[in-house]
Each structure stands twice: as structure tokens, then as C-alpha cells.
Amino acid sequence: MLIARIFTLYPEFFPGPLGKGLYGKALDKKIWKLETINIRDYTTDKHKTVDDTTYGGGSGMLIKPDVLANSLDKNLKSKERTIYLSPKGKLFNQKLAKDLSKEKTVNIICGHFEGIDERVIEARNIEELSIGDFVLSGGESAAFVMLDAIIRILPGVLGNEKSIEDESFENGLLEYPQYTKPQIWEKKTVPDVLLSGDHAKIKDWRLSQSEAITRVRRPDLWQKYKKN
Ligand code: SAH
């Protein structure tokens, strides 16, 4: 069972979409478990202060290192992976999703305001991950994205492990186009090869489509693919 432990100032956001549908069922089946920690519960002053102004000036506020570290120290066992969601982080991708899906526990810190005090990141050996080159108001929506990608590949969640193998990024390429019924829709037909029943030919067609799409849409992935 994967334990996803979320450190947030807004615990009411969770489980949100992750408690529904396939993921809700996976929670019932104990494939994964969600623990939500309210960072505010780890303040030590009577006003429950979680944030303060930045040294060196600037308009924003930062989550205080002592409060955040206290919330981590009271909840983590040693050697658990801890991630801070941040636009400065390494870009999250399918490989990292796979990697994280193999952990027993993943701790995820959702920042707010201008972020968190840099010293906690160093002092608690925290990995910084970004979900893309844009700035969100808080880490909660990023946590949903990351957890969605991780939970989806946990064995038993989708019920069809084979469908995961053929997907985008799995072989370094984007996925080929797919079609379902009706065979003719708005006068458009399905490519003949897919109706041929010739599995080898279908496989070749899909690979060539994947290659063509990747070359045009993602030159970065295409360069890497060609090298391997
Ligand atoms: N001042 C920061 C942005 C803070 S945004 C900077 O310029 O780098 C507030 C919070 O939203 C962050 O602490 C982080 O947890 C979350 N967040 C914003 N954009 C994100 C992204 N692209 N990926 C992951 N988390 C993000």
C-alpha cells in the first residue's frame, strides 16, 4: 500500500477528486491511503502563525521553517521521500511517477504564498518537483496532478496493466491515434489497417504513427528516442 501524506494549509481540498471513481475504489481496496496533515496544527504561538515576511524585502509571505519542520518531524519516519512542489523544481514526468509509485510512503508539501523558507529544504533533505513552467497559487492542485499520475499506475487501480504499457512516454514516444465505433462517423472512416486483423501490420503502423507525431510535436523527445 502506498501512503500519500500531504502537508497543506488547506486540508479540506483533499481527497477531492482523488476520493472518487477508480481512485476511491483503490482507497477502499487499500491499494493506497491518504493522510492529510494541516501545517497550521504545528504552530507554537497562540495566533497559529504559519507565515512571515521575507528577508531582503519583497511583497510576499513565506511559510515559516520552524512550523513546517515541526509538521514533518512529528509525522515522518526516517528515510521517507519528501517532495516540495515548486516551480523551481525538477520537472515531474512519467519516469518519476513510476519511481514514486514504488515507494511505501510519499510525503508531499504544498506551498502557499511565495513558498517556503529555503533552509527547510536543505535541513530535511527535500526534493523539489515542478509540474510545469507556470506558477500556481498553491501546491494543492499540483499535488492532485502528481498523485493522479502515481496512483494510476499502482497495480490493481486500472485493472488493465497492458493499457499502461502502450501509453505515451512509455517507449519514449507519444501515443499513436486511436479509434472506436462507429466505423464511419461524419463520413470519416477508421484507417484500413486497423480493420485488417493483421497484428504485425497494425503494430508497424502504430509505431510509425507514434514516431511521426513525436517528431513533429516533441522534437526534444524525438532527439532522445533517436539516440537510443
Ligand atoms: N515564489 C515562487 C512561486 C510560489 S507559488 C516562485 O517564483 O518560484 C505558491 C506555491 O504554489 C508554491 O509554494 C508551490 O507549492 C506551488 N506551485 C506553484 N507553481 C507550481 C508548479 N509549477 N509546480 C508545482 N508547484 C507549484
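A residue counts as buried under 20% relative accessible area, as exposed over 50%, and as partly exposed in between. The legends below use these words for a predicted model.

**Figure 1. Tyr-10 and Phe-13 form a stacked aromatic pair.** A search of the whole structure finds three aromatic pairs. In the pair shown here, the ring centres of Tyr-10 and Phe-13 are 5.8 Å apart, with 25 degrees between the planes. Planes under 30 degrees apart count as stacked, so this angle gives the pair its label. Phe-13 has a relative accessibility of 40% and therefore counts as partly exposed. Tyr-10, with a relative accessible area of 28%, is partly exposed too.

**Figure 2. Phe-14 and Phe-144 form a tilted aromatic pair.** The centres of the two rings lie 4.9 Å apart and the planes meet at 45 degrees, so the pair is tilted. This pair links distant parts of the chain, since 130 residues separate Phe-14 from Phe-144. Phe-14 belongs to the loop between β1 (2-8) and α1 (21-28), whereas Phe-144 belongs to helix α5. Phe-14 is at 8% relative accessibility and so counts as buried. Phe-144 is also buried, at a relative accessible area of 17%.

Figure 3. Pro-15 is placed in the loop between β1 and α1. Pro-182 sits in the loop between α6 (161-165) and β8 (184-185).

**Figure 4. Leu-68 is a buried residue of helix α2.** The helix covers residues 65-73. Leu-68 has a relative accessible area of 0%, and so it is buried. Which residues touch Leu-68, leaving aside its neighbours within four places in sequence? The contacts are Ile-39, Ile-63, Ile-109, Ile-116 and Val-120. For one of these, Ile-109, the separation from Leu-68 is 41 residues in sequence and 9.0 Å in space, C-alpha to C-alpha.

**Figure 5. The largest pocket lies between the two domains.** The protein is divided into domain 1, residues 2-151, and domain 2, residues 168-227. Their C-alpha centres are 37 Å apart. The largest pocket has a volume of about 820 Å³. Its lining consists of 24 residues, and Asn-93, Gln-94, Lys-95, Phe-169 and Leu-221 are the closest to the pocket centre. Helices α3 (94-101), α5 (140-152) and α8 (219-227) are the elements that give two or more residues to the lining. The largest share, four residues, comes from α8. By residue type, the lining divides into nine nonpolar, seven polar and eight charged residues. Why is the pocket said to lie between domain 1 and domain 2? Both domains give residues to its lining, so the pocket lies between them.

**Figure 6. Lys-48 and Phe-169 have a positive phi.** Each is a residue other than glycine. Phi is near 55 degrees for Lys-48 and near 80 degrees for Phe-169. Lys-48 is in the loop between β2 (32-38) and β3 (51-53). Phe-169 is in the loop between α6 and β8. At 43% relative accessibility, Lys-48 counts as partly exposed. Phe-169, at 43%, counts as partly exposed as well.

Note on methods
Residues numbered from 1 in each chain as written. Predicted model: local features only at pLDDT ≥ 70, side-chain atom pairs only at ≥ 80, totals over all residues. Heavy atoms only, no water. Domains from an automatic or database assignment. Buried < 20%, exposed > 50% of the residue type's maximum accessible area, 1.4 Å probe, protein only. Contact = heavy atoms within 4.5 Å. 1 Å grid on protein atoms, 1.4 Å probe; cavity = no way out; pocket = protein on both sides within 12 Å on 5 of 7 lines; lining within 4 Å. Points joined across faces, edges and corners; volume = space filled by probe spheres on them. Nonpolar A, V, L, I, M, F, W, Y, C, P; charged D, E, K, R; others polar. Phe/Tyr/Trp six-rings, centres within 6.5 Å; stacked < 30°, edge-to-face > 60°.
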